[in-house]
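Trainee: I am new to this structure. Could you walk me through the terms as we go?
Mentor: Gladly; have a look at it first.

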Amino acid sequence: MHSVRWVSLLVAAVAVPLAAAAPGGAPGFGPPNTVATQTAVGSLTEMQTGDLNGDGVDDLVVTRIAYPIALETFPIGIYLGNGKGGFVDGSSMWDGPPARTEHGRQIIIADFNGDHRNDIFVADHGYDGPPYPGHPNSLALSTPAGRLVDASGNMPPESGFSHSAAAADVNHDGSVDLYVGNIWGGDQTPPEILLNDGTGHFSRAAGLLPPELSDTADYQYTRSLFVDVNGDGSPDLVLGADNMTADSAVLLNDGTGHFRFLKGAMPPKPFAPTAILISLATLDINGDGHPDLLAGFTRSDPFYSGRYIQVLVNTGGGTFRDETAKRLPKQDDGVGWPEAIRVSDLNGDGHVDFAVSVNGAYDERAPIYLDDGTGAYHPVQNPASQPFFTFADVNHDGRPDIVSASGGTTELVDVQLQLALPATPTGVHTTVLRDRIRLSWTAVPGATGYEIWRSAPKQEPRRIGTSEVTRFDDLQAKRGVLYRYVVRALNQLGRSAFTPAVTGRRHP
């Protein structure tokens with residue numbers, strides 16, 4: 001077997017356009033692969049990813065609810081990523097009984113106890129029906145052994161109707177604090193800032209929020225996000241308004257954790273003043289260095305029906321202007337509501353794209369929106385196999401993949417790996433047998449098959465076959481003829497480059 005330089009004739013003769021998109025094009029995702037299942041665990045309400053066991057691989061956290069609704073709690077679900085595109089049941093992470101939720105509304109993964117490992121907080125509003133009794137929130141902290149323990153007792157004793165939460169070091173003491181977005185119902189606990197003592201013990205801090213927020217009849221906010229909107233180095237608070245409150249709000253942090261309303265910070269809602277802002281995400285849309293917002297709205301009449309993504313561009317001082325018409329094409333508001341907005345650079349062009357996880361309409365998928373490099377977004381088909389999904393690099397190839405899940409009698413976790421052009425095969429060699437020439441090579445990750453090309457003296461190269469395995473037998477090779485062979489890998493996106501040529505000749 002000899003490795004030789006393949007003649008330029010081959011390049012000219014077999015060059016074909018690649019189906020793979022260059023950076024900036026639409027990403028391609030493989031078919032859904034169910035990587036984990038559990039039975040009889042309730043319906044899914046929220047999902048979030050983060051590294052829980054310190055292995056550098058994203059894990060998955062989910063919360064559940066009884067459906068039809070009931071006064072029933074479920075353990076916080078954990079699936080551990082294996083770094084190879086799969087997840088395994090992570091219930092072994094719990095040291096003792098797992099923390100439980102009744103209707104988890106927002107999952108936050110952050111290091112609350114200062115040990116450089118991630119912990120879990122869940123804002124829980126409990127039974128979602130009269131008399132709306134509320135429910136204690138849940139906290140799980142990492143242990144020295146790298147496991148998780150239910151530390152919900154470290155929170156103030158209360159049963160608020162916690163509809164959202166946000167985490168940041170609001171007072172610059174080095175610990176991650178919480179805003180808990182309680183609204184009407186429960187034990188009437190108003191929205192609150194919970195200060196962290198650095199060990200994951202939280203206490204309610206009086207006087208940090210404007211007194212108006214105690215009036216939960218007129219000031220109801222269904223989503224919250226900490227963002228430094230004015231560039232002063234302190235996290236400010238963005239609050240998305242419920243149907244009972246006309247305008248969403250921005251609260252500026254004075255640097256000590258005290259917040260005040262910034263007048264006129266948010267533009268009018270889409271749909272109507274009674275629309276509900278239910279999801280928020282931050283990114284720099286126009287590349288000016290100021291954090292902008294994507295706000296997901298739904299209607300209150302019909303209740304939680306339809307969706308609209310509002311693009312809010314920061315003016316530089318913390319107020320936002322509506323640039324939806326400039327940045328997004330006309331939207332199909334559909335039936336389902338925007339449970340979450342997931343942001344990620346999906347196609348590796350250095351610009352952040354986004355997609356919407358839709359709830360309330362099982363077969364409905366909002367499109368993925370790709371940034372064209374100017375801060376304008378263009379929709380492409382959303383291939384997520386389940387309504388609840390997020391993006392995470394589950395196989396450590398540097399590309400975000402789709403992780404989706406559904407609940408019910410069986411909870412399924414699906415992974416759809418982002419596809420890339422396959423690498424060029426290596427290790428190609430020939431073995432001359434009595435009646436054939438056999439080619440072998442090393443498997444290429446992500447390849448679905450291989451093409452084998454052959455030429456002979458005074459012959460142009462031509463494809464002589466394909467293989468789904470890393471071997472091909474040339475049964476048509478004639479005795480005494482010196483053949484040159486190259487191989488390239490295939491997948492749904494296209495073809496790799498050809499390998500260097502190898503030669504083979506059956507004995508006369």
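Mentor: Y132, F161 and W184 form one aromatic cluster. This is a predicted model, where local features need pLDDT of at least 70 and side-chain atom pairs count only at pLDDT 80 or more, while totals for chains, interfaces and linings use all residues. Residues are numbered from 1 along each chain as its sequence is written, and side-chain values use heavy atoms, with hydrogens and water left out.

Trainee: Why is the pair of F161 and W184 called stacked?

Mentor: Their ring centres are 5.5 Å apart and their planes lie at 10 degrees, so the pair is stacked. F161 is in strand β13 (residues 161-168) and W184 in the loop between β14 (177-183) and β15 (192-196), so the pair ties together parts 23 residues apart in sequence. Strands here are DSSP runs (E, at least two residues), numbered from the N terminus.

Trainee: How do you know whether F161 is buried or exposed?

Mentor: Buried means under 20% relative accessible area, exposed over 50%, and partly exposed in between (1.4 Å probe, protein chains only). F161 has 3% relative accessibility, so F161 counts as buried. W184, at 31%, counts as partly exposed.

Trainee: And what is the pair of W453 and F498 called, and why?

Mentor: Here the centres are 5.8 Å apart and the planes are at 80 degrees, so this pair is edge-to-face. W453 has a relative accessible area of 11% and is therefore buried.

Trainee: What makes R299 a charge over the ring of F271?

Mentor: The rule asks for NZ of Lys or CZ of Arg within 6 Å of the ring centre and within 35 degrees of the ring normal. R299 lies over the face of F271, at 4.3 Å from the ring centre. Likewise, the charged end of R365 sits over the ring of Y362, 5.9 Å from its centre.

Trainee: Why is strand β25 described as mostly covered?

Mentor: In β25 (residues 337-344), 7 of its 8 residues are buried.

Trainee: How do you know that β25 pairs with β26?

Mentor: Two strands pair if DSSP finds at least two bridges between them. β25 and β26 (residues 353-359) are joined by 7 bridges and run antiparallel. Within this pairing, P338 stands opposite V358 in β26.

Notes. Phe/Tyr/Trp six-rings, centres within 6.5 Å; stacked < 30°, edge-to-face > 60°. Helix = DSSP H or I, 4+ residues; strand = E, 2+ residues; numbered from the N terminus.
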